[in-house]
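Let us walk through a protein model, one side chain at a time. Keep the sequence and the 3D view open as you read.

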Amino acid sequence: MGLLDKFKRKKIEGIDDSTYLTLREERRISRENTKTIKEYERIRNRKNVSEEEYLTQMRDPANVVEFDNLHTYFFTDVGTVKAVNGVSFDIPQGKIVGVVGESGCGKSVTSLSLMQLVQAPTGQITQGSIRYQDEDGKCYDVTKMPRDKMLRIRGKDIAMIFQEPMTSLNPVFKVGEQMDEVILLHEEDSTDDSARERSIEMLNLVGIADVKKVYNSYPHELSGGMRQRVMIAMALLCNPRLIIADEPTTALDVTIQAQILELLRDVKEKINGSIMFITHDLGVIAEMADYVVVMYAGRIIEQGTVREIFHEPKHPYTIGLMRSKPGGHVEGDRLYSIRGQVPNPINMPNHCYFYNRCDKAMDICKRHYPAMTQFNSDHRAACFLYSDEILPEEKEDKEDGEGR
């Protein structure tokens with residue numbers, strides 16, 4: 001059988017079934033999505049919204065942010081991408097929560113949903129809530145907040161270190177002007193001189209040598225690492241309660257990376273703030289995080305304390321991530337890699353998303369999606385290996401098969 005025949009019969013392992021749409025179907029999907037988008041945009045653009053509509057209560061007052069069944073979708077002309085599909089986790093006060101997973105698993109979209117920065121109009125929060133508690137004890141549901149009200153906390157109480165320093169700074173304004181704007185916007189009593197003084201202080205804090213030169217430079221005059229430090233300094237200007245660090249050390253070498261991580265820890269302790277740390281680097285997570293959230297294809301498949309995730313991983317995907325890092329468990333001379341591919345995000349299966357890549361897959365795994373199994377107050381995983389739904393004989397057959 002030739003390669004083309006294999007593709008036609010969809011026999012190649014790891015390649016998901018594709019659905020080809022007719023022009024009429026694409027037009028129908030486009031019309032339906034346009035109608036849906038207009039309704040969400042109408043709600044988001046309302047004026048004079050009463051505060052009572054977005055005030056709420058935290059489930060646990062010790063948390064700064066609580067994600068509760070969050071769904072963020074992108075409505076495209078060929079279908080709906082469920083980028084975040086029912087995510088729930090907490091960020092406690094004064095703690096670092098690490099979010100890990102493959103590219104495209106929904107880490108950044110989750111953080112952008114919290115900041116109300118999801119690319120509209122195609123990207124919309126369709127369901128769930130994001131509860132944020134300010135320093136005065138007031139609790140807001142970010143998903144219901146009007147855009148003008150969100151401006152008060154975005155950048156001041158919740159700051160973000162973006163993933164792409166090369167494109168996050170405005171190329172037509174000097175670095176100092178962009179940093180001063182943050183202070184002047186959020187600090188009522190600030191002046192041009194006080195803003196400049198604060199900006200220079202933060203540039204010094206992130207380890208920039210010739211501070212005044214950098215302050216008066218345009219972004220294109222700086223290296224990627226320097227721009228990354230400027231982004232970190234900008235995020236720390238207003239002593240935020242929560243810092244979202246989306247791959248904050250991507251453009252930095254190993255030595256500077258260690259300094260920046262130490263800086264983030266020091267700032268967190270100084271302001272008793274929290275950090276949502278998004279990264280692919282498991283070594284950084286092991287060093288920085290208190291809690292770990294493992295995401296796959298828009299869902300959380302395991303979460304727990306850093307010790308539980310690294311020393312007692314439960315989900316086969318988490319175990320695969322641990323084995324695939326350098327210095328992990330290696331069979332022979334080759335570094336372990338997880339086989340297969342992530343399912344098509346527009347046509348997600350109604351069973352376990354990891355089924356086609358899992359070495360421990362069972363028949364029940366292709367029937368429906370597994371519920372979360374709780375191991376203790378912090379540690380839980382979505383896998384049938386630990387579920388009461390699995391029949392004892394199925395588990396025995398799987399273990400016997402592995403033994404043979």
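Does histidine 71 count as buried or exposed? The model is a predicted one, and the answer can be computed from its atoms. Histidine 71 has 8% relative accessibility, so it counts as buried, the limit being under 20%. Its place is in strand β1. Now look at what surrounds histidine 71. Setting aside neighbours within four places in sequence, histidine 71 is in contact with Val84, Asn85 and Gly86, and also with Gln124, Ile125, Thr126 and Gln127.

The structure has 8 aromatic pairs. One of them joins phenylalanine 67 and phenylalanine 89. A pair of rings is described by the distance of the centres and the angle of the planes. For phenylalanine 67 and phenylalanine 89, the centres are 4.6 Å apart and the planes are at 25°. This pair is stacked, because its angle is under 30 degrees. Phenylalanine 67 belongs to strand β1, residues 63-76, while phenylalanine 89 belongs to strand β2, residues 79-92. The two are 22 residues apart, and the pair links distant parts of the chain. Both phenylalanine 67 and phenylalanine 89 are buried.

Next comes a tilted pair. Tyrosine 296 and tyrosine 317 have ring centres 4.8 Å apart, with 55° between the planes. Tyrosine 296 lies in strand β9, residues 291-296. Tyrosine 317 lies in helix α13, residues 316-324. They are 21 residues apart, so here a strand is linked with a helix. Tyrosine 296 is buried, and tyrosine 317 is buried too. With Phe354, Tyr296 and Tyr317 form one aromatic cluster.

Arginine 196 lies over the face of tyrosine 215, 5.2 Å from the ring centre. Arginine 299 lies over the face of tyrosine 369, at 4.1 Å from the ring centre.

Now for charges that meet charges. How many salt bridges does the count come to? It comes to 16 salt bridges. Take glutamate 41 and arginine 147. Their closest N and O atoms are 3.3 Å apart. Glutamate 41 sits in helix α2, residues 23-44, and arginine 147 in helix α4, residues 147-150. Glutamate 41 has a relative accessible area of 15%, so it is buried. Arginine 147 has 30% relative accessibility, so it counts as partly exposed.

The side chains of arginine 131 and glutamate 66 meet at 2.8 Å, N to O. Arginine 131 is in strand β4, residues 123-133, and glutamate 66 is in strand β1. They are 65 residues apart. Arginine 131 is buried, with a relative accessible area of 9%. Glutamate 66 is buried as well, at 0%.

Glutamate 262 and arginine 265 meet at 2.7 Å, N to O. Both lie in helix α10, residues 254-271. Because they are 3 residues apart in that helix, about one helical turn separates them. Glutamate 262 counts as partly exposed, because its relative accessibility is 37%. Salt bridges can also share partners. Arg59, Glu66, Asp68, Asp90 and Arg131 are joined into one network in this way.

Move on to the nonpolar residues. The largest nonpolar core has 62 residues. Which residues have the most contacts inside it? They are Met179, Val230 and Phe277. Consider phenylalanine 277. Beyond its neighbours within four places in sequence, phenylalanine 277 is in contact with residues including Ile96, Val97, Gly98 and Val99. Further contacts of phenylalanine 277 include Ala245, Pro248, Leu261 and Leu264. Val284, Ile285 and Met288 are also among them. A second, separate core has 37 residues, including Val87, Ile153, Met160 and Leu242.

Finish with the cysteines. How many disulfides does a search of the whole structure find? The search finds 0. Cysteine 105 is buried, since its relative accessible area of 2% is under 20%. Cysteine 139 is at 4% relative accessibility, so it counts as buried too.

Definitions and conventions
Residues are numbered from 1 along each chain as its sequence is written. This is a predicted model: local features need pLDDT of at least 70, side-chain atom pairs count only at pLDDT 80 or more; totals for chains, interfaces and linings use all residues. Side-chain values use heavy atoms; hydrogens and water are left out. A disulfide is a pair of cysteine sulfur atoms within 2.5 Å. Buried means under 20% relative accessible area, exposed over 50%, partly exposed in between (1.4 Å probe, protein chains only). Rings of Phe, Tyr and Trp (its six-membered ring) pair if their centres lie within 6.5 Å; planes under 30 degrees apart count as stacked, over 60 as edge-to-face and the rest as tilted. Helices (H or I, at least four residues) and strands (E, at least two) are DSSP runs, numbered from the N terminus. A charge sits over a ring if NZ of Lys or CZ of Arg is within 6 Å of the ring centre and within 35 degrees of the ring normal. A salt bridge is a side-chain nitrogen of Lys or Arg within 4 Å of a carboxyl oxygen of Asp or Glu. A nonpolar core is a set of buried Ala, Val, Leu, Ile, Met, Phe, Trp, Tyr and Cys residues joined through side-chain atoms within 4.5 Å. Contact means heavy atoms within 4.5 Å.
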